[in-house]
There are 2 protein chains.
Amino acid sequence: MLIVALDPPINVGSEKWVTERYKVLRDIVKGFKIGLPAIVKYGINWLNNLFKDYDGLSIADLKLADIGDIMALTATMLRNVGFNAVIAHAFVGYEKGIEVLAKVCEKEGIKLILVVSMSHEGSKEFIDRHIDEFVDTAERVGSWGVVAPATRPNVIQYIRSKVGSKIKIISPGVGVQGAEPGAALCAGADYEIVGRAITYSDLEKVRELAHGLLESQKKRLLLCRG
Amino acid sequence: MLIVALDPPINVGSEKWVTERYKVLRDIVKGFKIGLPAIVKYGINWLNNLFKDYDGLSIADLKLADIGDIMALTATMLRNVGFNAVIAHAFVGYEKGIEVLAKVCEKEGIKLILVVSMSHEGSKEFIDRHIDEFVDTAERVGSWGVVAPATRPNVIQYIRSKVGSKIKIISPGVGVQGAEPGAALCAGADYEIVGRAITYSDLEKVRELAHGLLESQKKRLLLCRG
């Protein structure tokens, strides 16, 4: 139930930093997420062999929010270097937007994950006002998952009550951003995303930190599920 | 009043394609825009010297839509390789979102351009319902410009009537996407973005096509402004 965000600190060479952490974590976590800055800085060709032979989740978190053709082209490029899931914004709308991306994802075997709420305060200004419609979009296009923040468990509960077990809920915001390990899982999320709390330490401590986080998740789940 | 979108066709090596077209166009257009696929594919380090000594617009069109810290980090990286403008989505909201990005843009001398409407049909589903609020956000953060589609001149007219001359309006959608050269300018836009209609030809014809487009803009403007 743990996905690790491999977003390197600024001024750190992404390639080595990402590869090293991926290697020490790949057998104990469910997947990895790589965000915009690391991809923008180095492109994607260096990722070409990273996720080879990896059967967990490899998520490109570009938060795609362009017209359908551009999102579809980008998703195909990401698939070609080994990502098996992409995150896009439901906000861009279905027609000639998510519609086009979803078709390419289905064809190429890419898991589509739609943002339906975000962890920062500004998410309440526009995005959260459309949660119902965004979840409808996710169901309409057969989205594999949705993103909803661990920092707001009531939002996760609400989404779970709407989608049942059909759609995975992925929750960022655990650790440095404030949510405790397991809190989003207790609220109904399938995966928690943790980044800095695990990755921003010396390499030799990374695996131990991930183990600790997995333990915390389990304890919390035992408490909430009784 | 012409900005050229340097988005290479899929399967074409971006670096040479972009650089060649930039060189033959830089003295006759107002600026360039580079989109997500070219940046994702090759990263940004190859762009490091492209816009050196160029005093026109160099716009990174990643349509940023992440939390403020991630957008700000990305904008700084883009500035460091020569971009002087970035496009972001107003829909992520102000608080801890556009607020953070805008502060970094001001500090780093980056022109901030906010998407307030898009050219695809899906834009009407969510984005266009918030045009007033998005324009308010643009004014609130002192955004240099906003993006609104040439394919919907009534939207451009409406935005111009709201913002007066304080904010630039940048319009994609001219050419292959359907709007005629000059139509967005007549409606009140400051710049029209043209991509494929100019760039998808043999290199030796690119400059001639751009000249033709500039002429078409002028003619149309003469007609509409009397």
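The notes below concern a predicted model.

1. **Helix α1 of chain B: length and buried face.** Helix α1 of chain B covers residues 14-25. Its twelve residues should span 16 Å at 1.5 Å a residue, and the end C-alpha atoms are 16 Å apart, so expectation and model agree. Five residues of α1(B) are buried: B:Ser14, B:Val18, B:Arg21, B:Tyr22 and B:Leu25. Viewed down the axis of α1(B), the buried residues fall within an arc of 105 degrees, so they line one face of the helix.

2. **B:Glu15.** B:Glu15 belongs to helix α1 of chain B. The class of partly exposed lies between the cut-offs of 20 or more for buried and 12 or fewer for exposed. Apart from neighbours within four places in sequence, B:Glu15 contacts B:Tyr42 and B:Trp46. B:Leu64 lies 49 residues away along the chain, and its C-alpha atom is 22 Å from that of B:Glu15.

3. **The barrel of chain B.** Eight strands of chain B close into a barrel, in the order β1-β2-β3-β4-β5-β6-β7-β8, with parallel pairing. Neighbouring strands are turned by 25 degrees against each other on average, direction ignored. Three bridges link β1(B) and β2(B) in the parallel sense. B:Ile3 has B:Gly31 as its bridge partner in β2(B). Helix α9(B) lies across β1 and β8 (191-194) of chain B, at about 140 degrees to β1(B).

4. **The barrel of chain A.** Chain A also has a closed barrel of eight strands, running β1-β2-β3-β4-β5-β6-β7-β8 with parallel pairing. The twist averages 25 degrees from one strand to the next. Strand β4 (residues 85-89) and strand β5 (residues 111-115) of chain A run parallel and are joined by five bridges. Here A:Ile87 is the bridge partner of A:Ile113 in β5(A). Helix α9 (residues 203-225) of chain A packs on the sheet and touches β1 (2-5) and β8 (191-194) of chain A. Its direction makes about 140 degrees with that of β1(A).

5. **Strand β2 of chain A.** Why is strand β2 (residues 31-35) of chain A described as largely enclosed by the rest of the structure? Because five of its five residues are buried. In a regular strand the side chains alternate between the two faces of the sheet. Both faces of β2(A) are covered. A:Gly31, A:Lys33 and A:Gly35 are buried on one side, and A:Phe32 and A:Ile34 on the other. β2(A) runs parallel to β1(A), with three bridges between them. One pairs A:Ile3 with A:Gly31.

6. **Helix α5 of chain A.** The buried residues of helix α5 (residues 131-140) of chain A are A:Phe134, A:Val135, A:Thr137 and A:Ala138. Around the axis they cover an arc of only 155 degrees, which puts them on the same side of α5(A). On the other side, A:Asp132 and A:Arg140 are exposed. The cover over the buried residues includes α4, β5, β6 (145-147) and α6 (153-163) of chain A. Just after α5(A), A:Gly142 has a positive phi of about 70 degrees.

7. **The A-B interface.** How many residues of chain A are in contact with chain B? There are 38, and they touch 38 residues of chain B. Helices α2 (36-42), α3 (68-80) and α4 (94-108) of chain A each supply at least two residues to the chain A side. α2(A) gives the most, with six residues. The chain A side divides into 19 nonpolar, twelve polar and seven charged residues.

8. A:Lys96 has a positive phi of about 60 degrees, though it is not a glycine. A:Lys96 lies in helix α4 of chain A. A:Lys96 is partly exposed, with 17 other C-beta atoms within 10 Å. B:Asp53, also a residue other than glycine, has a positive phi near 65 degrees. B:Asp53 sits in the loop between α2 and β3 (57-64) of chain B. B:Asp53 counts as exposed, with 7 C-beta neighbours inside 10 Å.

Definitions and conventions: Residues numbered from 1 in each chain as written. Chains lettered and ligands numbered in written order. Predicted model: local features only at pLDDT ≥ 70, side-chain atom pairs only at ≥ 80, totals over all residues. Helix = DSSP H or I, 4+ residues; strand = E, 2+ residues; numbered from the N terminus. Expected span 1.5 Å × (residues − 1). Arc of directions from axis to C-beta. Pairing = 2+ DSSP bridges. Axes fitted to C-alpha atoms, helices over the stretch in contact; angles between N-to-C directions. Contact = placed C-beta atoms within 7 Å. Nonpolar A, V, L, I, M, F, W, Y, C, P; charged D, E, K, R; others polar.
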